[in-house]
Structures are given as structure tokens and as C-alpha cells.
Amino acid sequence: MTPDLMEEGARIREARAAPPGPTGKTESGGRAAGFSRIATPGEVDVTHGRILYLEDVCVSFDGFKAINNLSLDIAPGELRCIIGPNGAGKTTMMDIITGKTRPDSGTVFFGSTIDLLRHNEPEIAQLGIGRKFQKPTVFEQLSVFENLELALKTPKGVAASMRFRLDSGQSDRLAEVLHTIHLADAVTRQAGNLSHGQKQWLEIGMLLMQDPKLLLLDEPVAGMTDEETARTAELFLTLKGKHSLMVVEHDMSFIRTISEIVTVLCDGAVLAQGTLDQVQADERVIEVYLGR
């Protein structure tokens, strides 16, 4: 038996022995996740209708509560927009989901069986959670094609890299991603010569090459032209349904184009949630974020 299977078996036994948790605020209802079926390593169980659960999560930095009893959940294939004033906890929330920051308390599950608090950043990325930061990070000396090829889920050792050749399935996937991110005509261009918006799309494409189930996108249209912003909206609507997306953004016109449900964070907790029109009409949101 391989070490990863042994570790997973130990987790399952431990989960079965644990008492059920208290009823929470999210759609998971605070239930002990995944007790209705045996977890399969690497599989994200969404039979309960949610791909991400955060329950009563708290994080303090030097006495300041950056996240304060935060409860939030996202459905498979959903495109959720997150808004809120600076310091509301948006980035810290993403840090917790991706393993960069450990909460003081609370639970964070990917599907019903994967406790993200038991995994580190590389493991969480391998599980199927991709994150894009505000500033695009691409290999500027390489071509668009080479950036995407490098992002494939393949062994990265020196010997493996030297022997690597794209198979037909990988070639098809790369061509599909190039079309999705609007860069099929720029496949041979050096990444450093792309516009800001194109670099953003390329980085999203690199995440897509990893076949993520959940994408976390931090201010993806900051610094884009109006045309690039419109094409990014098209891109996100194309990804919706195939992937779950959490988009942190301040551009209300962009959010209106892509959103169904908007969550407003303030002081590390959910202040309001609903359609953009609903949250924009909420007096509390107007007071702390939108202004009068």
C-alpha cells in the first residue's frame, strides 16, 4: 500500500471516530462531512451540492481579528463574486482556502470529504484548487505555448522533463485552452511581449492546464482596458459550470456582467449576500463599502 493511501485510510478512520459537529450556518448544516460514503483519494465529493465549505472560521494577527466566525459555501460550477472594503478579509480568506494561512478555529472542507486544514499549499493545488493573484505571474522569456506546456500536470524532474513529449490528448487540451483564453493567434509570441490583459489570460490558462475544480481569482480585471475587461467577462462565463470560481473584484460593472450571487465581506465576516442589486440596496453595505 502506498503512503498516500495509508494516510487517507488513517484520515477516514479518524473522521469516522470523531463526534458530529454542531449545526453551522452554511448549506452543509455543520454536518460531519462525507459520512454517507467512503472517500476516494483525489476525488472531490460534491454529492451534498457544495464544493467548498467554510464554517465559523477565525484568524487573528497580533490581536486583530482578520477573519471573524466566517461561514461561506459555494456550489459546484458556481461563479461567486466577493466584494468588500479594504481590510474586509478577502485575501486572508483565500489564503486560508489555499493553505497559506492556518485559521485559529473553524473548519474548511473541499467537497464533503477533504479537510483542507490537513493539507499544505502544494497538496491543495494538487487536489484541484487553483489561485490567481492580482499581478500576473508568467514566464516572460518563454512563448505562450511553452508557458502552457510547462503548466501541464506532469512529473517535473530533470530526467522526466528531458524525455517529455506532448501526447495527442495533451495537445488537444492545450489547443482547447488557447482558444478559451483568446490567445490562439499568439501561441508563438513571447509572454513578456503580451499586453497586461493577455498576461492575465495566459496565467488563467496555466491554471486551467492543471484541471482545477475550483479557481480563486483576485482582482482579475485590475489594470485592463475596457475591451480586455469585456473579453475576461466572456472567459469567466465560459468557465462557469465547468469549474467553480470565486472572484474577488471591485469593478461593479464587471461584477454585474458575470455575477449571480455576490457575497459582501466586512470585518472578516459575511455582511450581506444576494444578487448585486440586492446587496447594493442593503443599507449596511452602502454604509461600509459603496458610500452614499
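I began with Phe 254, which is buried, with a relative accessible area of 2%. Buried means under 20% relative accessible area, exposed over 50%, partly exposed in between (1.4 Å probe, protein chains only).

The model is predicted: local features need pLDDT of at least 70, side-chain atom pairs count only at pLDDT 80 or more, and totals for chains, interfaces and linings use all residues. Residues are numbered from 1 along each chain as its sequence is written, and side-chain values use heavy atoms, with hydrogens and water left out.

Next I searched the whole structure for aromatic pairs and found one (Phe, Tyr and Trp rings, the six-membered one for Trp, with centres within 6.5 Å; planes under 30 degrees apart are stacked, over 60 edge-to-face, the rest tilted). Phe 236 and Phe 254 sit edge-to-face, 5.8 Å centre to centre, with 70° between the planes. The pair links distant parts of the chain, 18 residues apart: Phe 236 is in helix H8 (residues 226-239), Phe 254 in helix H9. Helices (H or I, at least four residues) and strands (E, at least two) are DSSP runs, numbered from the N terminus. Phe 236 counts as buried at 0% relative accessibility.

I then turned to helix H11 (residues 283-290), where Val 285, Ile 286 and Tyr 289 are buried. They lie on the same side of H11, because they cover an arc of only 105° around the axis (taken from the directions from the helix axis to the C-beta atoms). Their cover includes strand E3 (79-83), helix H9 (252-258) and strand E9 (261-266).

Last, I checked Gln 198 in helix H7 (residues 196-208). Gln 198 counts as buried at 18% relative accessibility. Beyond neighbours within four places in sequence, Gln 198 is in contact (heavy atoms within 4.5 Å) with Leu 183, Arg 189 and Glu 228.
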